Amino acid sequence: MTKKSVQRDLDAFFINFIFAAITINMIDLPGIAIKNFQDKTSRAKLYVHDTFGPKVEMPISLYFRTEKQLPKLEKKAIDLCKGKILDIGAGAGSHALILQSKSLDVTGLEISSAACEVMKDRGLKKVVCEDIFKYKDEKFDTLLLLMNGIGLCGDLDGFRKFLRKAETLLNENGILIFDSSDINYMYEDEELPQDHYYGEVTCRYEYQKEVTDWFNWLYLDFKTLEKITSEEGWKSELIYEDENDQYLVQLSKK
């Protein structure tokens with residue numbers, strides 16, 4: 001197995017399987033998969049297709065991890081959270097539940113109604129079923145997106161739009177915390193695309209022999225992130241970077 005294929009499998013594990021950019025009418029295969037996993041009604045596997053090659057499995061158990069099972073990057077993100085917290089793209093609620101267990105005021109936000117049911121069943125007290133780009137009910141001290149949840153932006157323009165939305169949801173001195181990956185290595189045997197940013201990827205999900213429509217997902221290298229955030233009036237701080245080109249960043253308004 002090549003370095004590229006090994007790394008590609010690792011990346012698939014860290015794609016966030018629920019995302020606010022999907023329109024409501026797209027079939028919610030990831031949400032169904034996590035609900036079935038919780039209810040123990042199906043052993044079917046969830047797969048991700050993308051433009052780089054064969055589909056890869058995304059183990060559903062990843063979204064039911066305990067704090068001890070989290071990688072160092074995610075533990076650091078949890079430790080950075082402060083005040084009133086919004087976990088965006090909360091999935092099965094594992095990160096939100098960990099924060100709640102620390103007596104922090106946390107809300108899990110998800111567009112998937114099935115995933116929201118799971119979060120409630122697991123004991124998360126505050127759950128909002130909403131598209132992040134439409135949500136405007138409260139303000140927070142911390143906005144959190146993990147497992148490459150920032151990918152919901154879809155492309156660089158979407159990232160700018162998200163930063164502007166995030167500003168409306170943060171209290172004074174609030175912070176935005178998320179992780180992403182530099183996927184430049186995916187093009188080690190070919191030229192970078194000329195018609196779009198190389199971190200803009202097209203994907204779809206497969207579960208129980210059904211597939212979703214194709215959708216856009218974003219991976220950001222830190223240099224590009226730093227440039228865009230600065231232009232949008234944010235200060236970015238690189239908190240942690242692991243051996244798989246994944247990194248954790250904290251943003252605050254200048």
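## First look

The protein chain exposes about 11900 Å², and 47% of that comes from carbon and sulfur atoms. Keep in mind that this is a predicted model. Of the 254 residues in the protein chain, 54% are buried.

What is the chain built from? Its secondary structure comes to 7 helices and 12 strands. Take the contacts between residues at least 6 apart in sequence: 67% of them join residues at least 24 apart.

## The seven-stranded sheet

Let's start with the sheet. It is an open sheet of 7 strands with mixed pairing, and the order across it reads β5-β4-β3-β6-β7-β12-β11. The edges belong to β5 (127-129) and β11 (234-241); each has a single partner strand, so one side of each is left without a neighbour in the sheet. On average, and ignoring direction, neighbouring strands here are turned by 20 degrees against each other.

Now zoom in on one pair of strands. Strand β6 (residues 140-145) runs parallel to β7, and 5 bridges link the two. Across this pair, Leu143 stands opposite Leu176 in β7.

Two helices to look for pack on this sheet. Helix α3 (residues 72-80) touches β6, β7, β11 and β12 (246-253), and its direction makes about 20 degrees with that of β12. Helix α6 (residues 156-169) touches β3 (84-88), β6, β7, β11 and β12, and the angle between its direction and that of β7 is about 145 degrees.

Which strand holds Leu170? Leu170 is found in strand β7, which covers residues 170-181. Leu170 counts as buried because its relative accessibility is 8%, and the cut-off for buried is under 20%. Leaving out residues up to four places away in sequence, Leu170 touches Lys139, Phe140, Asp141, Thr142, Leu143, Ile175 and Trp234. One of these contacts comes with a distance: Leu143 is 27 residues from Leu170 along the chain, and their C-alpha atoms are separated by 7.5 Å.

Over in strand β11 you'll find Ser236. Is Ser236 buried or exposed? With a relative accessibility of 18%, Ser236 counts as buried. Apart from residues up to four places away in sequence, Ser236 touches Phe222, Leu225, Glu226, Thr229, Val249, Gln250 and Leu251.

Next comes strand β8 (residues 200-207). Of its 8 residues, 6 are buried, so the strand is largely enclosed by the rest of the structure.

Strand β8 has antiparallel partners to trace. Strand β1 (residues 46-50) is joined to β8 by 5 bridges, and Tyr47 has Glu206 as its bridge partner in β8. Strand β10 (residues 215-218) pairs with β8 over 4 bridges, again in the antiparallel sense; there, Glu200 has Leu218 of β10 as its bridge partner. Strand β9 (residues 210-211) pairs antiparallel with β8 over 2 bridges. The hairpin of β8 and β9 has 2 residues between the strands, and in it Gln208 takes a positive phi near 50 degrees.

## A closer look at Glu206

Glu206 is worth a stop along strand β8. Glu206 has a bridge partner in β9, namely Val211. Its relative accessibility is 15%, so Glu206 counts as buried.

What does the side chain of Glu206 make a polar contact with? The answer is the side chain of His49, at 2.6 Å. Not counting residues up to four places away in sequence, Glu206 touches Leu29, Lys45, Leu46, Tyr47, His49, Lys55 and Val211.

In soluble globular proteins, nonpolar side chains tend to be buried together. Here, the largest nonpolar core has 55 residues, and the ones that touch the most other members are Ile88, Leu143, Phe159, Phe162, Leu176 and Phe178. Which element gives the most to this core? That is α6, with 5 residues.

Ile88 makes a handy way in. Setting aside residues up to four places away in sequence, Ile88 touches Leu109, Ile132, Leu143, Leu144, Leu145, Leu152 and Phe162. There is also a second, separate core of 22 residues, whose members include Ile98, Leu99, Leu146 and Leu248.

How values were computed: Residues numbered from 1 in each chain as written. Predicted model: local features only at pLDDT ≥ 70, side-chain atom pairs only at ≥ 80, totals over all residues. Heavy atoms only, no water. Buried < 20%, exposed > 50% of the residue type's maximum accessible area, 1.4 Å probe, protein only. Contact = heavy atoms within 4.5 Å. Areas by Shrake-Rupley, 256 points an atom, 1.4 Å probe, with all protein chains shown as cover. Pairing = 2+ DSSP bridges. Axes fitted to C-alpha atoms, helices over the stretch in contact; angles between N-to-C directions. Polar contact = N/O pair within 3.5 Å; in protein donor to acceptor, adjacent residues only side chain to side chain. Core = buried A, V, L, I, M, F, W, Y, C linked by side-chain atoms within 4.5 Å.
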